[in-house]
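Here's a quick tour for anyone meeting this structure for the first time.

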Amino acid sequence: MPSAMRSLLRWSLGAYLVFLLLCLLVLMPALNILAPRAVESALHRELRSELILFNPFSLTLEARDVTIVESGGHEPLGFETLRINLSLESLWSPGIVLDAFTIKALDVHVLRGADGVFHFADLLSGPSEPESEPASEPPGITIHDLLIEAQTLRFTDETKPGPYTTAQSNFRVRTENLTTVPERQSNGDLVVTGDGGGTLRWHGALEVHAGKSNGQVTLDNIDLTPLWRYRADTLPFVVSSARFSAVLNYDADWNGELQANLDGSELRLNDVLLSPADTDAIPNTALSLNEFALTNLDFDLIERSVALAAATVTGLNVSGFDEQGQPSLMTMFDLETESEDPAAQTTDAEQNTADAAEAPWQLSLDTFTLARSEVQWRTSYLSPDVLRISPLDMEVKNIAWPAQASSPYRLDVKINDEVSLGIAGGLNLDSGDGEASIELRQWPLPWLNPLVSEQAHVTIGRGELLLQTIVNLQAFSPATVKASLEIKDYSSVLDASGEEAFTFQTLKLDGVGVDLQQQLLNIDNIELQRPSGSLHIREDGTINVNGIVRSSPQDPEAPEAEETSAETASWRVQLDNIALREGRLDFADASLPLHFSTLIDGIEADINDIDTASEKPLNLEFKGSVDGYAPVVILGSGKPFAEQRDGELRFTFKGMDIATMSPYSGTYAGYTLDSGTLSLDLRYALDGQALEGDNRIVISQMALGEPVESELAIDAPLKLGIALLTDREGVIDLSVPISGDVDSPDFSLGPIIGRAITNIIVKAVTAPFSLLAGLVGSDDDLENVAFDAGSSSLDTDAQRTIETLGRALTERPQIKLQIAGGADSSSDVAALKERILRTQLQEEGIDAAMIDAQAGPYLQTLKARYEALSQASAAGGDAGPTDEPVDPATMWQALVQSTALPSGALQDLATKRAAAAKRELVTIGGIDPERISISFSADLAKSSVQMIVDS
């Protein structure tokens, strides 16, 4: 061997031996002595270690059982073994090359003290240093094999109750060729096991210098409850369980503008159970979820896009209640609405302006599914107060943002195993335009009783609602609605009495259309089948349906409602047809001395062409029967929505048995009714505000029964009035005209008709002969028949009067008359005396012709009688005869006056006159003599007879 070579070997061996000696005798003691001092000086913490070794043969630095101890005894960092193996590759490769970097049994404990300060805060707040020149780029480092295995990674926060502690175990990081040298990449793995048993794994490639990485991050069954436990003292809810899993296939570049992509990734949230922290304050409230999954997730940060194949919610279970308008879930999550800070509003506006400058995020979701879910909700607005919505299934497809087209959706639910609700349609999530088809089946109307009870004193006993509707949406608000509605087997009960108020078999609304923009409601047909109602007047005069609607208490501090502007458009309502079939009304009146009840059934009604914006008349047709046999017909037409409210209405009742109306006749007429029928033909015409009515009332074969004591009975001889109004066929045929102003606050149709009928009866009783004269079209006074003085013979005028009266009495066969004869103490007495004087003269041979001619023997006899009368007067002390001549007329009057009148002559004359009138009525008029009686009236001091209706 050449000497030079041997010399090089000796020097190399010597250097190596020196290197070994330095490592063993100098470097290793120095590391074990100086390292703790350096840590103490730099970090103000104690470094404890079992041994720090350097293997000069493998160029490996190893530290064993190392612990960092802070003042107070806290140990933030420790590990069992640290091994760093320097590679000879560092001699020819750029940078520093390590064959291996290993940490085993790493124990990290991050502590936040009770004062809120982290244990490493002093290391972050050192004195500021003067600015220096930018540091040069550090040399590249390459680690061929990096392995970090942690025993625990702990975090403790003493500001939280407990204090709060969480730990991650089995932390393991393994990489190959980890390097900061440009154009080199490393591959590696990372595994972390959480304190709930879940694991985090990473496998991929990393280019540190280039700022790139790609690979897969897998989170498997990560327990999220430690996150809740950290904030448990400030949160109003408890997270009993929550697990998170994910598979993220990523590609990231942070060298410059951050770029990140996800491709075919998945996210899953499982076994979620949330409940209130205070279950006494918020009972029966919880939220649980079997799984929420996002599958086939693609994400591009640069393109600002998110694409998902499916988002699935499975087994969502929600329970809660609402109280005073606040859902318990909102209380549990503390989601009460707070007023916004104006400054925050400004910040939000600025942020929105900044966001608008960037390209909008794009979202696409092929399918969103909600399956096998359930809601149990307690509400005071329905009965039963707990609703169980199960199953709850929902599906939405083709969700995109910004939306380019409509997203079809469907929702199917079952409520309390009785009610089915289906909603389907499409919605553009950008414009808010779309449609919803809604079908509600078998909704029990008694569920609405809590809402009904707030508005009315009535309870829904039974009923079922079916609804089909299509809603067109514009800007997320309904624009038009098309619907059909049906209610089956409905009944309601009055709360006060428990009696049925209203029932029906079916109510159908077909062709319902609502246009919210045009403010138009159109209904093609409303059909009500077999409705039945009760209208009962109680003993105290109140009506069973009075007060059925609850009155709202007035708030004295509430502002007065503003008057509606005349320019504000009002809703237009169009109803093509309203039909009522097989209806019935039960009416009873217990306020009368005799209780009354009747039933109107077989009711059929049609109303056509209702339009609140049209002056076209609408038509009404109503048919029924009273107590099953007396038909009732109501026909009408009118313009209720025109400015000039014109209309006509006609009521027709035929053949009603008036015996059933005895309670009313007893109350208001003072008699019951034994028999008879009633027919009505009532006609009303409305001209603007003026109502004119022509009512025809026909009563046949009416027979009064027993009298009834009633303070409300009319003060008039009813039997007389009936006799005056009843014709020879036993019929009372009345025409009752009425009129009134419908806008008058005192207007009421019933009292008007009642007053009109009462007036007819009173007028008939107080002026019966005017009524009788009207029956035969006469204007004569049929009450009084005049006679010549002293005569009981009927002249031509008297005969005509009695003949007219006879015809009128024929029309009123129930009327009986008294004929009161009269005699005048002046004219009739003079006439009777004159007749006696004539008779005396005739007996003396002076005939009537001589008397009338005042000639011959008449004058002689007249003079002789007068002189005898004068002498007799003188003998009695009166003035005697004079020598002056006396004319025959004076002598005649003196003789008539002195003629004696037999006793009872005037009464006899009056009776003869009454008999003559009766005889004329019987023989000429054909009146039954039993209907006429004769009487003498001492008060009748005139030459006539007076007809008196016998009451």
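Predicted model: local features only at pLDDT ≥ 70, side-chain atom pairs only at ≥ 80, totals over all residues.

**A serine tucked away**

**Around S87**
- You'll find S87 in the loop between β4 (77–86) and β5 (96–112).
- Leaving aside residues up to four places away in sequence, S87 touches V97, L98 and D99.
- With D99, there is a polar contact from side chain to side chain, at 3.0 Å.
- The side chain of S87 also has a polar atom 3.1 Å from the backbone nitrogen of E89.

**Charged pairs**
- Side chains of opposite charge can pair when their charged atoms come close.
- How many salt bridges does the count come to? The answer is 23 salt bridges.
- E62, R64 and R83 join up in a network of salt bridges.
- K623 and E621 make a salt bridge, and their closest N and O atoms are 3.2 Å apart.
- K623 is partly exposed because its relative accessibility is 39%, and E621 is also partly exposed, with a relative accessible area of 32%.

- D797 and R800 meet through their side chains in a salt bridge, 3.0 Å from N to O.
- Both D797 and R800 sit in helix α11 (residues 796–811), 3 residues apart, or about one turn of the helix.
- D797 has 45% relative accessibility, so it counts as partly exposed.
- R800 has 41% relative accessibility, so R800 counts as partly exposed too.

**A pair that links two parts**
- R865 and E844 form a salt bridge, with 2.2 Å between the closest N and O atoms.
- R865 belongs to helix α14 (residues 857–875), while E844 is in the loop between α12 (827–843) and α13 (848–853), so this pair ties together parts that are 21 residues apart in sequence.
- R865 is partly exposed at 24% relative accessibility, and E844 is partly exposed at 45%.

**Helix α16**
- Helix α16 (residues 905–923) is made of 19 residues.
- From its first C-alpha to its last, α16 reaches 26 Å, close to the 27 Å expected at 1.5 Å a residue.
- Which residues of α16 are buried? They are A905, L909, A910, R913, A914, A916, A917, E920 and L921.

Methods: Residues numbered from 1 in each chain as written. Heavy atoms only, no water. Helix = DSSP H or I, 4+ residues; strand = E, 2+ residues; numbered from the N terminus. Expected span 1.5 Å × (residues − 1). Buried < 20%, exposed > 50% of the residue type's maximum accessible area, 1.4 Å probe, protein only. Salt bridge = Lys/Arg side-chain N within 4 Å of Asp/Glu carboxyl O. Polar contact = N/O pair within 3.5 Å; in protein donor to acceptor, adjacent residues only side chain to side chain. Contact = heavy atoms within 4.5 Å.
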